[in-house]
Amino acid sequence: MLLTYRTRSVTFALGLIALGACAKSSPPVASAPTPSRDPRVGLRAGKDNAAEAQWNLKILANAKPPERFVGATNSDLSFTGNYAIQGNYNGPIIWDISNPSQPKVKAAFYCPASQNDVSVYKNLMFVSAEAMNGRVDCMGGGVQDTVSKDRFRGVRVFDISDIANPKLVANVQTCRGSHTHTVVEDPKDKENVYVYVSGSFIVRSPNELPGCVRETPDKDPNSSLFRIEVIKVPLANPAAAAIVASPRIFSGLTAPETHGLAPDDLAALNAARAQGAFIVKVFGNDQVLPPGMIRPMLDSIVKARGGTGAPTGADSAALRDGIQGLVDKMIGAQNTGTGPRPGPTQCHD
């Protein structure tokens, strides 16, 4: 029996969830006829004034986040009582939606990381962090070193008994971070709740987190690939949250056939290449590496040559020459075509 406590969303328009929030006190919404054409076609673009279209829904309000969170990507939504908790790459935002037409910020906890997906279970809030910029202390600025005790990648546990003042009680580090997670309740275990962790980023160095192994299982049985993590959270002492299992549930899967890049994706890739982006081949397809991955690598090159300050053109050229080898080493022989092509080493959710 699996009970999940998270609602997926990539944006936060309060009006779109307001009908659900009021479902207990409002009559059922009559189904509207299916539009004869997609109303999204031809909508005007814009950051704050984009044209809108909706079907079988009524927008009650659009709410902007606090200034410190403006411009950062929104991720998941989770709900508890009269509150909607919005995941945001700069940290979770708690909205009071008692009046859906006038949502108000109850709390905003600044803690940059990607993706900051959120879930709620009773008085606990769980937040995922995967990218290289997450910090144990929740400070901004990221982590510049490739290996650092300050980096956080995993699941944060908050006590929201006082929902206006979320309290960070635990940082559970994992080898691949946490892109998303799922909260699971065991009906036979009333003392604990469990968090199934899905990490999709590169395996971190064992020098940063002991026990992390980048090699594939055929080379090292302790491989951090092909698995999820299961975190046990004692309800009476959530600060003691810890990993209790790492089942390798993806082992033995066969990679599906791929159709290659769509025309629009190919055009975007070529544009990025023309602008000097760092591009590597992953399982036969070219991919652009994000700045969050490139900057720590460049900083490492600067440090290795005993330099200080910003990376030079020579540093960038050195990284460009060796970056494919680094990726091949991270992913394994299957990326070079010299080994078997297994299925996914992880899943998104």
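## Terms and basis

Two strands pair if DSSP finds at least two bridges between them. Helices (H or I, at least four residues) and strands (E, at least two) are DSSP runs, numbered from the N terminus. This is a predicted model, in which local features need pLDDT of at least 70 and side-chain atom pairs count only at pLDDT 80 or more, while totals for chains, interfaces and linings use all residues. Residues are numbered from 1 along each chain as its sequence is written, and side-chain values use heavy atoms, with hydrogens and water left out.

## The chain as a whole

The protein chain has four helices and 14 strands. Of its 349 residues, 40% are buried, where buried means under 20% relative accessible area, exposed over 50%, and partly exposed in between (1.4 Å probe, protein chains only). The protein chain exposes about 18500 Å², and 54% of that comes from carbon and sulfur atoms; the areas come from the Shrake-Rupley method with a 1.4 Å probe.

Contact means heavy atoms within 4.5 Å. Among contacts in the protein chain with a separation of 6 or more, 55% are between residues 24 or more positions apart.

## Strands S6, S7 and S8

Strand S7 (residues 154-159) pairs with strand S6 (residues 124-129) in the antiparallel sense over six bridges. Leu124 has Asp159 in S7 as its bridge partner. S7 also pairs with strand S8 (residues 167-173), again antiparallel and over six bridges. Here Val155 stands opposite Val172 in S8.

S7 is mostly covered, with five of its six residues buried. In a regular strand the side chains alternate between the two faces of the sheet.

## Asn116 in strand S5

Asn116 lies in strand S5 (residues 115-121). Asn116 counts as buried because its relative accessibility is 0%. Beyond its neighbours within four places in sequence, Asn116 is in contact with several residues, including Ser75, Gly87, Asn90, Val127 and Ser128.

Two backbone oxygens lie by polar atoms of the Asn116 side chain: that of Cys111 at 3.1 Å and that of Tyr89 at 3.4 Å. Cys111 and Tyr89 are also among the contacts of Asn116.

## The open sheet S9 to S12

Four strands form an open sheet in the order S9-S10-S11-S12, with antiparallel pairing. Strand S9 (180-184) and strand S12 (242-245) are the edge strands, each pairing on one side only. From one strand to the next the twist averages 35 degrees.

Strand S11 (residues 229-234) pairs with S12 in the antiparallel sense over three bridges. In this pair, Lys232 stands opposite Ala242 in S12.

Note on methods:
A polar contact is a pair of N or O atoms within 3.5 Å; within protein, one must be able to donate a hydrogen and the other to accept it, and residues adjacent in sequence count only if both atoms are side-chain atoms. Axes are lines fitted to C-alpha atoms, for helices over the stretch in contact, and angles run from 0 to 180 degrees between N-to-C directions.
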